[in-house]
Amino acid sequence: MTNLTVAPETWIATVQGDKVISKPADTLKENDTLLAGRGSTAVLSCCVTEGTTSETTTFYGINDHFAFFTPGQPLWTNCGWRAIDPQMAKKDNPDLVVGQLGEGDYVFKLCADTTTTTECVKYDKIKVTRFTTRKVLPGSVKVTFHCREGAKSLHANGFLMANNCPEITPKRMADNINSLSMKEKNKILKN
């Protein structure tokens, strides 16, 4: 799992002009503008992928909210970025500082009256009292995507979440190439 992976029925806050409009994750497309943290924006890349899970996946939700995110997904809290499984989040993005999300933390959710970006974006501070879960069997649909420009956050079902993709740097590219076997490197060079 990399970037942001959610259930297809997850609503993502997008920006059209100065209006905030939520759309189902599985309808997003390249160049859609997403509402990021504190009213900033991010542009969706061409890597919008609808795929199927290869193994049983557990989606999580906060309190009585629908379970829609994976345990490695960082949410913005009163203590910074936190995930149910911070080690999974760190595998996706080793540069992101992520703590353990648990009961008693406060997460931030867009206020229901946030309809434009011209106003200050407001949040409800929600105390985590429990997690809801739902198992998704192999072959079930999931949506994974990331942004190429702008802020590294977005709102999924109103919750402020990290778009947990690492920066693509020359060092990271070199490290990834060096981790390939000679056979894999030759295959890439032939293509």
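Which strand is Gln100 found in? Select Gln100 and you land in strand 10 (residues 99–100); a strand here is a DSSP run of E with at least two residues, numbered from the N terminus. Before moving on, know that this is a predicted model, where local features need pLDDT of at least 70, side-chain atom pairs count only at pLDDT 80 or more, and totals for chains, interfaces and linings use all residues. Residues are numbered from 1 along each chain as its sequence is written, and side-chain values use heavy atoms, leaving out hydrogens and water.

Stay on Gln100: its relative accessibility is 45%, so it counts as partly exposed (buried is under 20% relative accessible area, exposed over 50%, partly exposed in between, with a 1.4 Å probe and protein chains only). Cys79 is 21 residues away from Gln100 in sequence, and the two are 9.9 Å apart in space, C-alpha to C-alpha.

Next stop: the rings. Select Phe68 and Phe159. Their ring centres are 6.3 Å apart and their planes at 25 degrees, so the pair is stacked (rings of Phe, Tyr and Trp, using its six-membered ring, pair if their centres lie within 6.5 Å; planes under 30 degrees apart are stacked, over 60 edge-to-face, the rest tilted). Phe68 and Phe159 are both buried.

Now jump to Trp76 and Trp81, an edge-to-face pair with 5.0 Å from centre to centre and 75 degrees between the planes. Trp76 is partly exposed at 25%, whereas Trp81 is buried at 17%.

Technical notes: Helices (H or I, at least four residues) and strands (E, at least two) are DSSP runs, numbered from the N terminus.
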